[in-house]
Amino acid sequence: MRRLLVLKLGLCVAFTAPVTLPAQTARDSVLSVVNTMLGAVTAKDTTTLRAIFRPEYQQFAVTNDADSAIVRRTLLEQYLINRANINGKGVGRIWEPTVLVRGRIAVVWAPYDFHVNGVLSNCGVDSFTLVRGNTGWQVAGITFTSDRTGCPAPPQSLGPVTP
């Protein structure tokens, strides 16, 4: 009888004890910053973008032109001006991200598409470089290919982009 009482008491404690959920992984934290950035681009929220980007942020857009590549470099202030002044609603989406994290650096590599007012503008691959400082992960730079043709269809789970 005593054993049964101890067993019942043990089960009650086991089923009423708080459940500890696993801490957010570095991968989750990195993807959260990238997704917040994409949302801020859509919202033209330069305040959030400025907070997410490191002050030395730079972007490289790589476009194929016949036998060579055209590389455009954009620094933080110009990027913020470009985002604020985009004509219409710009929506960037990524899928199937590959995330690599080592200590305080991370890289996210993912196919993307970018739409303006619901119309496909360009597509390719995004490569985000992030650095974790004292305030968390920040985007140090983005390098991406920019193709206007031959864009693969994104996963159906993303759904259509509405203007």
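Colleague: On what basis are the residues numbered and the values computed?

Modeller: Residues are numbered from 1 along each chain as its sequence is written, and side-chain values use heavy atoms, with hydrogens and water left out. The model is predicted, and local features need pLDDT of at least 70, side-chain atom pairs count only at pLDDT 80 or more, and totals for chains, interfaces and linings use all residues.

Colleague: How many helices and strands does the protein chain have, and in what order do the elements run?

Modeller: Helices (H or I, at least four residues) and strands (E, at least two) are DSSP runs, numbered from the N terminus. In the protein chain there are four helices and seven strands. Their order from the N terminus is α-α-α-β-β-α-β-β-β-β-β.

Colleague: What percentage of the residues is buried?

Modeller: Buried means under 20% relative accessible area, exposed over 50%, and partly exposed in between (1.4 Å probe, protein chains only). Of the 163 residues of the protein chain, 32% are buried. The accessible surface, by the Shrake-Rupley method with a 1.4 Å probe and, for residues, only the protein chains shown as cover, is about 10500 Å² for the protein chain. Carbon and sulfur atoms account for 58% of that surface.

Colleague: How are contacts along the chain to be read, and what percentage joins residues at least 24 apart?

Modeller: Contact means heavy atoms within 4.5 Å. When contacts between residues at least 6 apart in sequence are considered, 53% join residues at least 24 apart.

Colleague: Which residues have the most contacts inside the largest nonpolar core?

Modeller: A nonpolar core is a set of buried Ala, Val, Leu, Ile, Met, Phe, Trp, Tyr and Cys residues joined through side-chain atoms within 4.5 Å. The largest one here has 30 residues, and Met37, Leu49, Phe53, Val108, Phe128, Leu130 and Val139 have the most contacts inside it. At least two residues of this core come from each of α2, α3, β1, α4, β5, β6 and β7. Helix α2 gives the most, with eight residues. As for Leu130, its contacts beyond four places in sequence include Val30, Val33, Val34, Val108, Trp137 and Val139.

Colleague: How does one read the sides of a helix, and which residues of α4 are buried?

Modeller: An α-helix has 3.6 residues a turn, so residues three or four places apart point the same way. In helix α4 (residues 76-84), the buried residues are Leu76, Tyr79, Leu80 and Arg83. Seen down the axis of α4, these fall within an arc of 100° (taken from the directions from the helix axis to the C-beta atoms), so they line one face of the helix. Their cover includes α2 (26-43), α3 (46-52), β1 (53-65), β2 (68-75) and β5 (105-116).

Colleague: Which cysteines form a disulfide?

Modeller: A disulfide is a covalent bond between the sulfur atoms of two cysteines. The criterion is a pair of cysteine sulfur atoms within 2.5 Å, and by this rule the count is one disulfide. Cys123 and Cys151 form the disulfide, with sulfur atoms 2.1 Å apart. Cys123 lies in strand β6 (residues 119-133) and Cys151 in the segment after β7 (136-145), so the pair ties together parts that are 28 residues apart in sequence. The torsion about the S-S bond is about -90°, so the disulfide is left-handed. Cys123 is buried, at 3% relative accessible area, whereas Cys151 is partly exposed, at 24%.

Colleague: Where does Asn122 lie, and which residues does Asn122 touch?

Modeller: Asn122 is part of strand β6 and is buried, with a relative accessible area of 8%. Not counting residues up to four places away in sequence, Asn122 touches Tyr112, Asp113, Phe114, Ser146, Asp147, Arg148 and Cys151.

Colleague: Which residues have a positive phi without being a glycine?

Modeller: Among them are Lys44, with a phi of about 55°, and Glu96, with a phi of about 45°. Lys44 is in the loop between α2 and α3 and is partly exposed, at 31% relative accessibility. Glu96 is in the loop between β3 (90-94) and β4 (98-102) and is exposed, with a relative accessible area of 59%.
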